[in-house]
Amino acid sequence: MWSGCYAPNASTRMRAVDLIRKKRDSGELSREEIDFLVSGYTRGEIPDYQMASWLMAAWIRGLNRAEIAALTEAMLHSGEVLSHSEIPGKKVDKHSTGGVGDKTSLILAPIVSAGGLTVPMISGRGLGHTGGTLDKLEAIPGFNVNLSLAEFRRVLRECGMGLIGQTAEIAPADKKIYALRDVTSTVENVGLICASIMSKKLAEGIDALVLDVKTGSGAFMKKEEDSVRLAEVMVETGKRVGKKVVALITNMDQPLGRMAGHSNEVWESIEVLKGQGPPDLRELSLELSAWMFFLGARTPGVEEGRRLAETMVATGQALEKFRQGIRLQGGDERVVDEPGRLPQARFHAQVVSPAAGFIDVANCEQLGTALAMLGGGREKKEDKIDPAVGLEFHKRIGDRVGKNEKLVTIHYNSDAKLTEAKNLIGNSYVVSERAPLEKRPLVRRIIGA
Ligand code: URA
């Protein structure tokens with residue numbers, strides 16, 4: 001319980017400093033107080049240092065359900081809430097809480113739009129050790145993620161999918177707060193993640209949303225019970241405003257697929273759209289697409305959704321849709337057939353196994369941090385990403401490995417932090433004499449079905 005001596009209320013002029021103190025002392029903020037903070041920060045009246053302090057207090061003390069709802073709605077209404085009523089049919093999206101090598105958006109947006117639904121996707125940039133869809137798309141020469149709303153609608157009408165970043169109009173509060181959280185270590189918190197994701201997703205003008213909530217060493221939520229709580233809060237938030245929402249709790253104990261890094265991930269996504277690519281990435285992309293088809297009422301069940309998704313890949317329709325989407329957003333569609341047109345790293349280095357045995361554990365977050373260190377992520381808001389930098393993973397948990405056999409190939413351009421990154425990658429793996437007993441399934445639970 002809050003035991004502070006001063007509580008701002010409607011009759012007292014609100015001040016950010018009092019709201020920081022209130023949260024610091026475990027108080028519960030009212031809807032009006034949260035609105036005051038969010039609108040003041042968005043307008044530039046509350047400075048970064050006060051917002052950062054409040055975020056840290058919220059991170060440490062936590063936010064209850066009422067505060068999370070108020071924060072989400074304040075951030076949602078900080079900008080425009082889109083409606084695409086002029087576009088016939090259902091609009092459906094997917095959002096992931098973030099991981100390493102998680103590139104499913106690039107795969108399922110073309111699958112689902114090829115299958116007849118509209119996917120108006122507003123995505124984010126890399127955050128902490130995780131990659132971001134916008135940064136990945138920008139590895140495609142010319143690809144423009146900064147479309148105006150009018151252009152976004154034109155692309156959606158023409159091809160059924162559009163992938164953009166937050167404009168100044170859509171959830172501008174999240175845009176500012178997200179960038180601040182990334183560099184103040186205030187990311188991994190159920191309330192803050194829920195408000196961030198749901199404010200931009202609810203602003204997109206969608207009917208239904210599939211959430212991919214990651215759990216494990218490469219996720220923001222390492223423990224499954226925390227991921228489940230996050231999923232429940234997000235599903236509840238979406239349903240409260242009348243959307244169909246389901247959350248899949250999926251494994252992030254190791255990178256998804258064989259590739260991480262921006263060019264690498266675009267290439268691997270194209271492989272899956274061609275019916276190839278690694279089984280885990282293919283499996284998760286089809287499963288998420290199946291749920292999107294079902295929630296968008298395109299198919300009567302998830303099984304039928306799955307078959308439709310498989311057909312879109314097998315017939316090449318999803319790949320053609322991706323090509324069209326790239327073209328309409330100004331990108332060089334030739335990357336689909338000529339991946340060498342994606343930015344390429346000049347150098348390669350190997351990290352090898354120190355012993356023979358079985359891969360038992362991978363510290364997935366450290367792998368993401370190593371990638372960021374090499375230039376594939378940001379340490380400060382203004383850092384530029386090198387899209388050519390990447391990691392190629394040769395082994396998965398449970399695989400047999402020989403002494404000095406390759407674990408990871410590093411694609412890099414600058415060796416400034418190569419030794420540090422190599423050590424971090426090497427230390428991310430535990431090699432045991434015996435194969436791990438438990439094989440963790442990729443989709444662990446479904447919330448809100
Ligand atoms: N993705 C988001 O959009 N926001 C978060 O806070 C975390 C992941």
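**Reading the helix contacts and the exposure labels**

Me: Helix 5 (residues 104-114) packs with helix 12 (residues 279-295) at an angle of about 45 degrees, their axes lying 9 Å apart. Why is helix 5 called oblique to helix 12?

Reply: The angle is taken from 0 to 180 degrees between the N-to-C directions of axes, which are lines fitted to C-alpha atoms, for helices over the stretch in contact. Angles under 35 degrees count as roughly parallel, over 145 as roughly antiparallel, 65 to 115 as roughly perpendicular, and the rest as oblique. An angle of about 45 degrees falls into that remainder, and therefore helix 5 is oblique to helix 12. This is a predicted model, in which local features need pLDDT of at least 70 and side-chain atom pairs count only at pLDDT 80 or more, while totals for chains, interfaces and linings use all residues. Residues are numbered from 1 along each chain as its sequence is written, and side-chain values use heavy atoms, with hydrogens and water left out.

Me: What makes a stretch a helix or a strand, and what is the handedness of the crossing of helix 5 and helix 12?

Reply: Helices (H or I, at least four residues) and strands (E, at least two) are DSSP runs, numbered from the N terminus. Helix 5 passes helix 12 in a right-handed crossing, a term used if the near helix is turned clockwise from the far one by less than a right angle, left-handed being the anticlockwise case.

Me: Which residues make the contact of helix 5 with helix 12, and how do they divide by class?

Reply: With contact taken as heavy atoms within 4.5 Å, T104, I107, L108, I111 and V112 of helix 5 meet L281, L284, S285, L286, L288, S289, M292 and F293 of helix 12. These residues divide into 10 nonpolar, 3 polar and no charged, where Ala, Val, Leu, Ile, Met, Phe, Trp, Tyr, Cys and Pro count as nonpolar, Asp, Glu, Lys and Arg as charged, and the others, Gly among them, as polar.

Me: What is the angle between helix 2 and helix 4, and which residues meet there?

Reply: Helix 2 (residues 31-42) and helix 4 (residues 65-76) pack at about 40 degrees, with their axes 9 Å apart. That angle makes helix 2 oblique to helix 4, and the crossing is right-handed. On the helix 2 side R31, I34, D35 and V38 meet E67, A69, A70, L71, E73, A74 and M75 in helix 4, and by class this contact has 7 nonpolar, no polar and 4 charged residues.

Me: How do you know that C194 is buried, and how many disulfides are there?

Reply: Buried means under 20% relative accessible area, exposed over 50% and partly exposed in between (1.4 Å probe, protein chains only). C194 has a relative accessible area of 0% and is therefore buried, and C364, also at 0%, counts as buried too. A disulfide is a pair of cysteine sulfur atoms within 2.5 Å, and a search of the whole structure finds 0.

Me: Is S263 buried or exposed, and what does S263 touch?

Reply: S263, in helix 11 (residues 262-273), has 4% relative accessibility, so S263 counts as buried. Leaving aside residues up to four places away in sequence, S263 touches A139, L342, P343, P387 and A388.

Me: Why is V241 called partly exposed, whereas Y49 is called exposed?

Reply: V241, in the loop between helix 10 and strand 5 (244-251), has 37% relative accessibility and so counts as partly exposed. Y49, in helix 3 (residues 48-61), counts as exposed because its value is 61%. V241 and E73 are 168 residues apart in sequence, but their C-alpha atoms are 9.8 Å apart in space.
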